[in-house]
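Dear colleague,

I am handing over the structure we spoke about, together with some notes on what turned up when it was examined. Please look at it alongside the text below.

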Amino acid sequence: MVLKLMEFYLNNKLLSIVILSFLMLVSCKNEEKIAEEPTKKAIVYDMYQPSEMAGFMNAMYAYNQQLKAQIVAGETPTRLPLDLLKLHSAEMSNGKSRTQNWQSFVNVFIESQKAVVDTLSNTELKERYNVAINNCLSCHKTECTGPIPKIKKLLIQ
Ligand code: HEC
């Protein structure tokens, strides 16, 4: 009986530690802190289930990385294979919701991302691209600061 109780207590304690470290390390926190806690990160790695929105954000990141490579190479990108309207519908990580700030940035961002592949535009391609990336950053300043250093690397100097 005593053993059973101890076991229960230990299990729960472990569980709360795991849950706590998970909460501390969800995606929006900044990267330095993750680097300081390598063991906790290892625990979280197994459990981390990106939200639909986080998955979509990563797809947008990869897409823009590709755009940057094309633009730097002097090519003119014409494809936008992502359904940006998902930004309005995708589920977000636990505890996150679409704030007023989100609402004020999301459509501006969508239009600017579409403008990158608008071959009829009079604005220089590199400038259109950087405007889109700066709109990622505008929303991230209030909504999710962790990925900002990573997103900044997308800018074309
Ligand atoms: C309208 C606001 C908004 C815009 C615009 C926006 N993001 Fe995000 N982004 C968020 C929010 C909120 C999250 C957290 C989502 C979650 O955890 O469910 C996030 C998460 C992320 C993540 C972390 C995903 C993960 O693995 O947890 C990356 C990377 C990211 N965004 C990159 C970008 C890039 C690149 C762009 C522009 C092409 C962009 N974001 C545009 C609000 C925005």
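What follows is a description of the ligand site, and then of a few residues in and beyond it.

Please keep in mind throughout that this is a predicted model. I begin with the metal: the iron atom of the ligand is coordinated by the SD atom of Met57 and the NE2 atom of His140, at 2.0 to 2.3 Å. The site has six donor atoms, and with angles of 86 to 179 degrees among them it is octahedral. Met57 belongs to helix 4, which covers residues 52-72, while His140 belongs to helix 7, which covers residues 125-143, so the pair ties together parts that are 83 residues apart in sequence. As for accessibility, Met57 is partly exposed, with a relative accessible area of 25%, whereas His140 is buried, with a relative accessible area of 11%.

Turning to the surroundings, the ligand has 27 residues around it, and the closest of them are Met57, Ser93, Cys136, Cys139 and His140. At least two residues of this shell come from each of helix 4, helix 6 (100-116) and helix 7, and helix 4 gives the most, with seven residues. By residue type, the shell is made up of 17 nonpolar, eight polar and two charged residues.

For Ser51, a polar side-chain atom is found 2.7 Å from an oxygen atom of the ligand, and for Lys96, a polar side-chain atom is found 3.0 Å from an oxygen atom of the ligand.

Asn107 lies in helix 6, and at 42% relative accessibility Asn107 counts as partly exposed. Between Asn107 and Leu84 there is a separation of 23 residues in sequence, and their C-alpha atoms are 9.6 Å apart in space.

With best wishes

Definitions and conventions
Residues numbered from 1 in each chain as written. Predicted model: local features only at pLDDT ≥ 70, side-chain atom pairs only at ≥ 80, totals over all residues. Heavy atoms only, no water. Donors = N, O, S within 2.8 Å, 3.2 Å for Na, K, Ca; no water. Tetrahedral: all angles 85-135°; square planar, octahedral: opposite > 155°, others 65-115°. Helix = DSSP H or I, 4+ residues; strand = E, 2+ residues; numbered from the N terminus. Buried < 20%, exposed > 50% of the residue type's maximum accessible area, 1.4 Å probe, protein only. Near = heavy atom within 4 Å. Polar contact = N/O pair within 3.5 Å; in protein donor to acceptor, adjacent residues only side chain to side chain. Nonpolar A, V, L, I, M, F, W, Y, C, P; charged D, E, K, R; others polar.
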